[in-house]
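Have a look at the sequence and the model below. Then read on for a short tour of the inside.

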Amino acid sequence: MAFAAFALILAMLALGMLFARLRALPDDAAETLNRVVLLICLPAAVLIYVPRLRFDPTLLGVAATPWLLAAASIALVLLLARLRRWRRDRVAVLLLCVVLGNTSFIGYPMVRALLGDAALPYAVVYDQFGTFVLLSTFGLYVLARFGGDAPPGPAEIARRVLRFPPLWALLAGLTVMPEQPPAWIADVLQKLADAMLPLVMLAVGLSIRLRMPAEEIGPLAAGLALKLVAMPALALPLSWLFAMPPAMLQVNVLESAMPSMVTAAALAISHGLAPRLAAALVGYGILLSLATLPAWTWLLARLAH
């Protein structure tokens with residue numbers, strides 16, 4: 001990882017935690033920052049990098065990987081839950097936070113910092129055709145199944161998907177957006193995309209909760225091990241199976257190694273599903289990923305030689 005990117009991540013994370021402790025910002029500041037990223041920075045990044053994609057049959061493997069890992073995650077979480085007799089709300093949080101990684105808000109800037117700009121189009125494919133659709137289908141089902149609401153029907157799922165701004169940016173990037181837009185447009189989009197990393201890390205710092213009751217340490221440890229170690233370890237042979245070229249393989253494994261999705265944890269908390277566990281999976285996951293993601297990058301570089 002470039003030292004400057006690593007320093008920026010740590011600085012903004014620390015500032016967020018400090019501001020939260022001092023109550024220097026409004027209580028909903030993290031939510032507001034995440035909305036800015038969702039509505040402005042993330043679509044800008046998609047518009048920059050998606051037009052650079054070149055169709056390759058192996059891209060289907062990138063899109064398929066999160067779905068295959070989701071099936072493995074569900075099986076492992078349910079097996080552990082049965083063996084350890086975890087409460088239903090904790091099982092629901094693990095299903096959400098292990099299956100759904102932070103492959104956009106954190107994934108895009110981390111992939112860019114660790115692997116460079118050329119790797120970002122692959123990250124967009126992984127996120128938009130994998131994680132995003134999983135959130136809009138499997139994620140909503142888990143919330144409905146364990147949160148006590150009626151399961152969302154196909155029409156409601158479609159409405160929620162269509163209200164997601166990065167989806168429209170993805171469609172524009174695949175159709176009308178040129179690979180080389182006018183310089184002033186490219187410059188504006190790049191500056192908006194560059195703001196994503198500091199804003200996300202500040203929001204995460206504001207949201208992190210690290211204190212845990214003893215009875216939730218087991219589910220927390222299991223969730224972190226599955227998300228940060230087991231899932232990328234499974235993604236590596238899958239990438240070989242799909243015969244991915246080295247750059248694509250690195251992105252595929254690295255996106256699989258991202259910590260839990262902040263949005264998934266926020267949705268679990270809003271539905272009253274083990275809120276402390278959900279927040280801890282995100283907080284500890286992001287802190288640990290600052291070590292595990294560079295470690296995976298180093299390992300992948302060694303395997304490529």
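The model is predicted, so local features need pLDDT of at least 70, side-chain atom pairs count only at pLDDT 80 or more, and totals for chains, interfaces and linings use all residues. Residues are numbered from 1 along each chain as its sequence is written, and side-chain values use heavy atoms, with hydrogens and water left out.

**Core and helices**

Start with the largest nonpolar core. A nonpolar core is a set of buried Ala, Val, Leu, Ile, Met, Phe, Trp, Tyr and Cys residues joined through side-chain atoms within 4.5 Å. Buried means under 20% relative accessible area, exposed over 50%, and partly exposed in between, with a 1.4 Å probe and protein chains only. The largest core has 104 residues, of which Val93, Leu100, Tyr108, Met110, Val111, Met196 and Leu281 touch the most other members. Helix α2 (residues 29-49) gives this core its largest share, 13 residues. Helices (H or I, at least four residues) and strands (E, at least two) are DSSP runs, numbered from the N terminus.

Helix α10 covers residues 196-207. Its twelve residues reach 16 Å from first C-alpha to last, close to the 16 Å expected at 1.5 Å a residue. The expected span is 1.5 Å times one less than the number of residues. Ten of the twelve residues of α10 are buried, so the helix is largely enclosed by the rest of the structure. Met196, Val200 and Leu206 are among these buried residues.

Helix α12 is mostly covered too, with nine of its eleven residues buried. Among them are Met248, Gln250, Asn252 and Glu255. The buried residues of α12 pack against α3, α5 (107-115), α6, α11 and α14 (275-304). Contact here means heavy atoms within 4.5 Å.

**Spaces**

Now the gaps. On a 1 Å grid over the protein atoms alone, a cavity is a set of points where a 1.4 Å probe fits but cannot get out; a pocket is an open set with protein on both sides within 12 Å along at least five of seven lines; and lining residues have an atom within 4 Å of a point. Grid points are joined across faces, edges and corners, and a volume is the space filled by probe spheres set on the points.

One cavity of 30 Å³ or more is found in the whole structure. Of the 14 residues that line the largest cavity, Leu69, Val98, Val99, Tyr126 and Lys227 are closest to its centre.

The lining of the second largest pocket includes Arg54, Phe55, Phe129 and Gly173.

**Two loop residues**

Which residue in the loop between α3 and α4 stands out? Arg85 lies there, and Arg85 has a positive phi of about 55° although it is not a glycine. Arg85 is exposed, with a relative accessible area of 76%.

Ala274 sits in the loop between α13 (262-270) and α14. Ala274 is not a glycine either, and its phi is positive, near 40°. At 3% relative accessibility, Ala274 counts as buried.
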